[in-house]
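User: I would like to learn how to read a model like this one with some care, taking one feature at a time. Could you go through it with me?

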Amino acid sequence: MKKFWLIALLTLLMTSPAKAVNMVQIQGYLDVPIHILGLPDFPPFAYYEGDNDIYNFHSVFLKPVVKILEKYNVKTEVLRIRDETVTDVKLLLVKAKSGEAEMFIGAYSDTKLFSGLDVIYPAVISNPVHLITLPETTEKVKNYGDLRNLKGIACKSEYFSDFVLRKFKELGITYVESPFEAYEMIITGKADYMMGSLYYNRIMASRFGVNDYLTYSKNPIFKIPFFISLSKIMPVLSEYKKVLTEEFSKPEFAMEIKKEILNEVNKEVDKNAGVVPPSFIGSLEQSSEAENKYTDDDEEDEGISSGHIVEQKVHQKTIDEVLDGI
């Protein structure tokens, strides 16, 4: 008889994610809330703010993810982090890999940095990486191969997947310390182009007052699938994976995340309107093609020419995994 009830319980756990979570909650697994941290990647995906050496984690994923977990009666708590940890992503990841933080928002598949975490498929959105140039430089780029003959840079403050880093190496891209340094090199002609994340650089360029002097490729050169991950040593990991996989697969969840991203970008750019550009701008004219408002049309899946297509493969199909060429 005991064997019969054990089999029945296991069947219930395997076939019903919602009921499974409620069942393990009765057993006391969920008395302690899920602790959440994330990659201090860049706004708007995730960033840390604070003072007195204590920092709070912010992310466009937080509200939608917490709402899902509350639906299954799972408590959540966003960990507060001391300054020395925020500045070292490896220390943050230690907290997730050791189970101190059960959920880690922001991970790239097949990337060594995130080994030890269990990513949840599908990737709800992708981080689009664009070509950033002066308007006149755009005319020199007809296809992906043209980039090999130009001087390219990327910023160390951004995180990219291993796949994209390998492509950067093939192109001979060099790295600079900060966005400010990168924009100065582009505008003064010390570099022909910059590879950078669209959302991050729209925000950072607006903070320095140079957004209207730069041109962004019409469509992404790369799109990196952006995942939410779990600590591999958290209790009942498989049950959480079932629930989150089901919820993340719903189109309305992806739409909610994208809406949050676009709102954050536009809000930040509006806030920085009127910022005086740095002196290296000189007499450079504003780009007539620069656009400060972003809608769903900013991520079309068609290139600006029939150029080379670059594709990053992941182990499972994602909602938005194809990386477009220019």
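User: In what order do the 3 strands of the open sheet lie, and is the pairing parallel or antiparallel?

Analyst: As a general idea, strands of a sheet pair through backbone hydrogen bonds, either parallel or antiparallel. In this predicted model, the order is 2-3-5 and the pairing is antiparallel. Strand 2 (46-51) and strand 5 (81-82) are the edge strands, each pairing on one side only. Strand 3 (residues 54-59) pairs with strand 5 over 2 bridges, and I54 stands opposite R82 in strand 5.

User: Which residues of helix 7 are buried, and why do they lie on the same side of the helix?

Analyst: In general, an α-helix has 3.6 residues a turn, so residues three or four places apart point the same way. In helix 7 (residues 162-171), the buried residues are F163, V164, K167, F168 and L171. They lie on the same side of helix 7 because they cover an arc of only 140° around the axis. R166 and K169, on the other side of helix 7, are exposed.

User: Against which strands do the buried residues of helix 7 pack?

Analyst: They pack against several strands, among them strand 7 (117-133), strand 10 (193-197) and strand 12 (222-231). After helix 7 comes G172, with a positive phi near 75°.

User: Where is the pLDDT below 50?

Analyst: Where pLDDT is low, the predicted coordinates should not be read in detail. The protein chain averages a pLDDT of 78, with 75% of the residues scoring at least 70. The pLDDT is below 50 over residues 2-10, a stretch with 1 contact in the model beyond near neighbours in sequence. It is also below 50 over residues 288-326, where the stretch has 114 contacts beyond near neighbours in sequence.

Note on methods. Residues are numbered from 1 along each chain as its sequence is written. This is a predicted model: local features need pLDDT of at least 70, side-chain atom pairs count only at pLDDT 80 or more; totals for chains, interfaces and linings use all residues. Side-chain values use heavy atoms; hydrogens and water are left out. Two strands pair if DSSP finds at least two bridges between them. Helices (H or I, at least four residues) and strands (E, at least two) are DSSP runs, numbered from the N terminus. Buried means under 20% relative accessible area, exposed over 50%, partly exposed in between (1.4 Å probe, protein chains only). The arc is that of the directions from the helix axis to the C-beta atoms. Contact means heavy atoms within 4.5 Å. pLDDT is the predictor's confidence in each residue, from 0 to 100.
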